[in-house]
Amino acid sequence: MNILITGAKGFVGKNLVCELKNQNLYHKQANPDVGELYKIFEYDIDSTEEELQEYTNCCDFVFHLAGVNRPKTEEEFMEGNFGFTSELLYLLKKNNNKSPILITSSIQAELDNPYGKSKKAGEDLILSYGEEVGCSVYVYRLPNLFGKWCRPNYNSAVATFCNNIANDLSIQVNDPTVVLTLAYIDDVLNEFVNALKDNANRIGQFCEIPTVHRVELGRVVDLLNSFRESREDLSIPNMSDGFTKKLYSTYLSYLSSNDFSYELDMNVDDRGSFTEFIRTADRGQVSVNISKPGITKGNHWHHTKNEKFLVVKGTGVIRFRHVQSEEIVEYFVNGDKPEVVDIPTGYTHNIENIGDDDMVTVIWVNECFDPEKPDTYYESV
């Protein structure tokens, strides 16, 4: 299929182009002797009239994403959102091209403002055109969108707040109780690909993104601040909550390229080091333990706390003894053959580096360390 995307360099357009190229890649991997699934024609403000004429002559599907959000004058709303749509449809009709058309409108099309009126005019034009020429049209009244590559300080509060909080810039929240209606870019792309395959989520004469989040602005800001603070407290957001997961991915995309990394506090002594990496409220914590050659660490047991040991470098032995027994059990581990060893409750245990180099062990424990309730009892194996 030949796919025409207007507004290809905008927020949705850039993401859609990349997704269709990914689908081409997957298609080629599965079918190496077959050509590309989609040929993509990218049209934007710097494209030529000749290119648009060429694209409208041979395209098989149109994603009409181009539009005006922040014009210098109100008249530009109608020129950009209605005028260019008229030009696009004129060229398709001139070329006798009845390709399906997907257009991105806005929930503001229901409002009596210049932007909403221009979007409503574009909707009416597309719907009438579809009836006239007998082609499929998909009109999406999109809510506010968020995701990677959305332009801050433009028309997305989420993008602005992500950018500013990620880069230690100030934000202004006038009313934290305002409820935002948001759609995530990946959910938008999934629905658009469904429409491309004639399986759109159609509600009457319009189409909708199936997954939409309604969230108070205050909660968005609180989450973003917690993401920023997570580098200090080592917390991981609640990824079981769909909106939090999507917002965190969005937030990370606004980090400055020289701010991707952050240091951890290492507890160092003559035996090696111990460094906490991740702490979660409900899934425990992850740490990295480095032991020098000949060093034994541990010799303690727990009532409820349990751990998993994974040696990723070096050679060691993990020893166990039930606290009511004299029998010692040994597990020999090596970073060349990763093997997870569970540390059951009621067993005193230790780990010894029996190699010639430092031994590195990744340790997961089911609860974050609490000095008030350590549940750790020292006893030699």
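Let me begin with strand 19, where Asn353 is the bridge partner of Gly316. Before going further, I note that this is a predicted model, in which local features need pLDDT of at least 70 and side-chain atom pairs count only at pLDDT 80 or more, while totals for chains, interfaces and linings use all residues. Residues are numbered from 1 along each chain as its sequence is written, and side-chain values use heavy atoms, with hydrogens and water left out. Helices (H or I, at least four residues) and strands (E, at least two) are DSSP runs, numbered from the N terminus.

Strand 16, residues 315-322, pairs with strand 19 in the antiparallel sense over seven bridges; two strands pair if DSSP finds at least two bridges between them. Strand 14, residues 296-301, also pairs with strand 19 in the antiparallel sense, over four bridges. Here His300 stands opposite His349 of strand 19. How many of the seven residues of strand 19 are buried? Six are, so strand 19, residues 347-353, is largely enclosed by the rest of the structure. Buried means under 20% relative accessible area, exposed over 50%, and partly exposed in between, with a 1.4 Å probe and protein chains only.

I turn now to an open sheet of three strands, in the order 6-7-10, with mixed pairing. Strand 6 (144-146) and strand 10 (213-216) stand at the edges with a single partner strand each, so one side of each is left without a neighbour in the sheet. From one strand to the next, the twist averages 45°. Strand 6 and strand 7, residues 179-184, pair in the parallel sense over three bridges, and Asn144 has Leu182 of strand 7 as its bridge partner. Helix 7 packs on the sheet and touches strand 7 and strand 10; its direction makes about 80° with that of strand 10. Contact means heavy atoms within 4.5 Å. Axes are lines fitted to C-alpha atoms, for helices over the stretch in contact, and angles run from 0 to 180 degrees between N-to-C directions.

Next, the helices. The axes of helix 5 (residues 157-166) and helix 7 (residues 217-233) come within 10 Å and cross at roughly 30°. That makes helix 5 roughly parallel to helix 7; angles under 35 degrees count as roughly parallel, over 145 as roughly antiparallel, 65 to 115 as roughly perpendicular, and the rest as oblique. Phe161, Cys162, Ile165 and Ala166 of helix 5 make the contact with Leu217, Val221, Leu224, Asn225 and Arg228 of helix 7.

Helix 5 also packs with helix 8 (residues 242-252), at an angle of about 60° and with their axes 9 Å apart.

Finally, two loop residues. Most residues other than glycine have a negative phi. Asp168, in the loop between helix 5 and strand 7, has a positive phi of about 55° although it is not a glycine. Is Asp168 buried or exposed? At 58% relative accessibility, Asp168 counts as exposed. Asp198 lies in the loop between helix 6 (185-196) and strand 8 (202-203), and has a positive phi of about 60°. Asp198 counts as exposed, at 58% relative accessibility.
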